[in-house]
Amino acid sequence: MWYLAFFVVPLIVIVVYSFGYKPPATAASSIGLDRLSFDNYTNTFSDTFNRTFIATIRIAVTGTLLCLLVGFPLAYFLATRTSARWRGVLLGLVIVPFWTSFLLRTFAWRILLAANGPASEALQSIGLLDAPLRVLDTRGAVQLGVLYNYLPLMIFPLFVALDRMDPSLREASKDLGANRIATFIQVTLPLVMPGVVAGLLLVFIPLAGEYVTPAVLGGAKGLMAGGLVASQFLAALNWALGSAMAVVLILLILAVIAVFGAAGLIVRTMVRRNRRVEVATR
């Protein structure tokens with residue numbers, strides 16, 4: 001009932017609104033539903049919207065992969081190389097950023113990356129930069145912000161999967177002649193794959209609809225689909241077009257997940273085929 005009330009019903013409302021239209025400014029309602037059409041979906045695929053969607057998927061996929069590349073070594077270190085005495089402390093340090101508002105943490109990066117901010121002054125003082133840092137209001141700043149904000153969501157499921165893994169399996173692989181790379185690819189990675197998949201989904205899905213980080217750090221150059229949808233509801237007051245954009249965004253996210261899921265199944269099949277052992281019979 002909870003899932004039905006807070007997910008299915010709102011989604012149905014958005015889908016119905018996407019077939020409506022924007023009534024005149026003098027109308028009492030913000031959405032017209034007396035005549036339904038596909039016009040909003042036709043208007044959705046404009047050049048501006050297409051460019052924004054492509055940029056959104058690029059930032060979301062890149063940010064998710066960066067979170068995986070940064071988060072996996074850290075989770076591996078916490079699960080396998082840290083004593084039980086310090087493991088809780090280090091995990092607590094990973095959780096600490098969540099004690100602060102998401103918006104405040106993002107604004108903190110704006111202060112840090114400002115042209116006259118501490119990062120710019122430090123890089124100029126050691127000679128790495130000849131001019132003030134020009135990172136704000138770019139997609140690079142958005143990429144850095146989403147990496148910082150969503151990295152813990154990648155670390156936690158990876159840590160759980162690695163912590164539950166039996167260390168004797170890695171030792172057995174090494175005793176049987178496998179090097180570190182072969183052990184990681186053929187033993188560690190397949191066993192922690194559920195944690196990898198959970199981390200990818202936890203990061204990619206909310207990141208694809210991100211609104212705060214692009215608005216604070218990216219400006220006009222960092223516009224993502226979430227901001228475009230919000231502008232239709234809050235600024236243009238076109239709930240019908242905004243709903244159509246939201247539906248297209250949801251479908252696009254599902255399509256990307258399906259593509260990567262299919263690619264993952266193909267890779268898993270290839271790995272299992274390479275790991276297969278043929279037993280000779282006489």
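Because the model is predicted, local features need pLDDT of at least 70 and side-chain atom pairs count only at pLDDT 80 or more, while totals for chains, interfaces and linings use all residues. Residues are numbered from 1 along each chain as its sequence is written, and side-chain values use heavy atoms, with hydrogens and water left out.

Two packed helices are described by the angle between their axes and the distance between the axes. Helix α3 (residues 47–80) packs against helix α7 (residues 139–164) at an angle of about 40°, and their axes are 6 Å apart. Here helices are DSSP runs of H or I with at least four residues, numbered from the N terminus, and axes are lines fitted to C-alpha atoms over the stretch in contact, with angles from 0 to 180 degrees between N-to-C directions. The helices α3 and α7 are therefore oblique to each other, a word kept for angles that are not under 35 degrees (roughly parallel), over 145 (roughly antiparallel) or 65 to 115 (roughly perpendicular).

Helix α7 also takes part in an aromatic pair, one of eleven found in a search of the whole structure. The rings of Phe102 and Tyr150 have centres 6.2 Å apart and planes at 70°, so this pair is edge-to-face; rings of Phe, Tyr and Trp (its six-membered ring) pair if their centres lie within 6.5 Å, and planes under 30 degrees apart count as stacked, over 60 as edge-to-face and the rest as tilted. Since Phe102 lies in helix α5 (residues 102–112) and Tyr150 in helix α7, the pair ties together parts that are 48 residues apart in sequence. Tyr150 is buried, with a relative accessible area of 7%, whereas Phe102 is partly exposed at 26% (buried means under 20%, exposed over 50% and partly exposed in between, with a 1.4 Å probe and protein chains only). Elsewhere, Tyr17, Phe233 and Trp239 form one aromatic cluster.

Two single residues complete the walk. Thr188 is placed in helix α9 (residues 180–191) and counts as buried, at 2% relative accessibility. Leaving aside neighbours within four places in sequence, Thr188 is in contact (heavy atoms within 4.5 Å) with Tyr76, Leu162, Met165, Arg170 and Thr183. Leu129, by contrast, is found in the loop between α6 (118–125) and α7, and this residue is partly exposed, with a relative accessible area of 25%.

Key: Helices (H or I, at least four residues) and strands (E, at least two) are DSSP runs, numbered from the N terminus.
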